[in-house]
Amino acid sequence: MTTTEPPGGEARDRRSWLREHSELGVCVLLLALGALVLTDALTMDVDLTQRGPIGPKTVPIAVGSGLLVVAVLLAVDVLRGGRGEAEGGEDIDLSEPADWRTVLLLAGVFLMTAVLIEPAGFPVAGALLFWGAAYALGSRHFDRDPLIAAALSVVTYEVFDNLLGVPLPGGPLMGVL
């Protein structure tokens, strides 16, 4: 007695197997990222006059190697039947859909900051970033939020530019700050 399998049965089995092992996608991503980091680290031009056990290649090589090891260990775990558990939280309802309005508002704020940071400078772009993020996340204190955002932006600029020595674009406020 011969049974005939319905058309597409093999494809259905393959999709089912991929759905059950979807964490392998994370493994592929980690593997690609680790390979990219290692490739960049190993092809980095380093000044030959630099001496010492720890140079500019050390941390990227360690991170890239770590990513590769984690990718392989995760793949082995998934293929052995390990499954990630859905995250549960006391204030998170996983049955609710994503709030796409908030996601799109935040993406727009980040994009606006990326566009404005050179011409307007970090203090202005940062203030708009902090205020826009607060607005996107639900704060509606129009009298208080811009002031807090401006103060936070100026403090962040001063810390990075003056204390840490990381130059940020000052824009038109360069002479004032």
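**Entry 1. Basis.** I note that this is a predicted model, in which local features need pLDDT of at least 70 and side-chain atom pairs count only at pLDDT 80 or more, while totals for chains, interfaces and linings use all residues. Residues are numbered from 1 along each chain as its sequence is written, and side-chain values use heavy atoms, with hydrogens and water left out.

**Entry 2. The chain.** I looked up the secondary structure and found six helices and zero strands. Helices (H or I, at least four residues) and strands (E, at least two) are DSSP runs, numbered from the N terminus. The order of elements from the N terminus is α-α-α-α-α-α. The chain has 177 residues, of which 21% count as buried; buried means under 20% relative accessible area, exposed over 50%, and partly exposed in between (1.4 Å probe, protein chains only). I then turned to contacts, meaning heavy atoms within 4.5 Å. Among those between residues at least 6 apart in sequence, 57% join residues at least 24 apart.

**Entry 3. H2 and H3.** Two packed helices are described by the angle between their axes and the distance between the axes. Axes are lines fitted to C-alpha atoms, for helices over the stretch in contact, and angles run from 0 to 180 degrees between N-to-C directions. For H2 (residues 24-42) and H3 (residues 58-79) I read an angle of about 160 degrees and axes 8 Å apart. H2 is therefore roughly antiparallel to H3; the classes are roughly parallel under 35 degrees, roughly antiparallel over 145, roughly perpendicular from 65 to 115, and oblique for the rest. The crossing of H2 and H3 is left-handed, a term for a near helix turned anticlockwise from the far one by less than a right angle, with right-handed used if clockwise. Residues of H2 in this contact include Leu-24, Cys-27 and Leu-31, and those of H3 include Pro-60, Gly-64 and Leu-68. By class, the contact of H2 with H3 has 21 nonpolar, three polar and no charged residues. Here Ala, Val, Leu, Ile, Met, Phe, Trp, Tyr, Cys and Pro count as nonpolar, Asp, Glu, Lys and Arg as charged, and the others, Gly among them, as polar.

**Entry 4. H4 and H5.** H4 and H5 pack at about 175 degrees, with their axes 8 Å apart. This makes H4 roughly antiparallel to H5. Among the residues in contact are Arg-101, Leu-105 and Thr-113 of H4, and Ala-125, Leu-129 and Ala-136 of H5. The contact of H4 with H5 divides into 16 nonpolar, three polar and one charged residues. I looked up Thr-113, which lies in H4 (residues 100-120). Thr-113 has a relative accessible area of 11% and so is buried. Beyond its neighbours within four places in sequence, Thr-113 is in contact with Ala-125 and Leu-129.

**Entry 5. H5 and H6.** H5 (residues 122-136) and H6 pack at an angle of about 135 degrees, with axes 8 Å apart. H5 is therefore oblique to H6. Their crossing is right-handed. By class, the contact of H5 with H6 has eleven nonpolar, three polar and one charged residues. Those of H5 include Phe-122, Gly-126 and Trp-131, and those of H6 include Asp-145, Ser-153 and Tyr-157.

**Entry 6. Ser-153.** Which backbone oxygen does the side chain of Ser-153 reach at 2.7 Å? I found that of Pro-123; the backbone oxygen of Phe-122 is reached at 3.4 Å. A polar contact is a pair of N or O atoms within 3.5 Å; within protein, one must be able to donate a hydrogen and the other to accept it, and residues adjacent in sequence count only if both atoms are side-chain atoms. Ser-153 lies in H6 (residues 145-163) and counts as buried because its relative accessibility is 0%. Leaving aside neighbours within four places in sequence, its contacts are Phe-122, Pro-123, Gly-126, Ala-127 and Phe-130. The C-alpha atoms of Ser-153 and Val-124 are separated by 7.6 Å, at 29 residues apart along the chain.

**Entry 7. Asp-145.** I also looked up Asp-145 in H6. Asp-145 is buried, with a relative accessible area of 9%.
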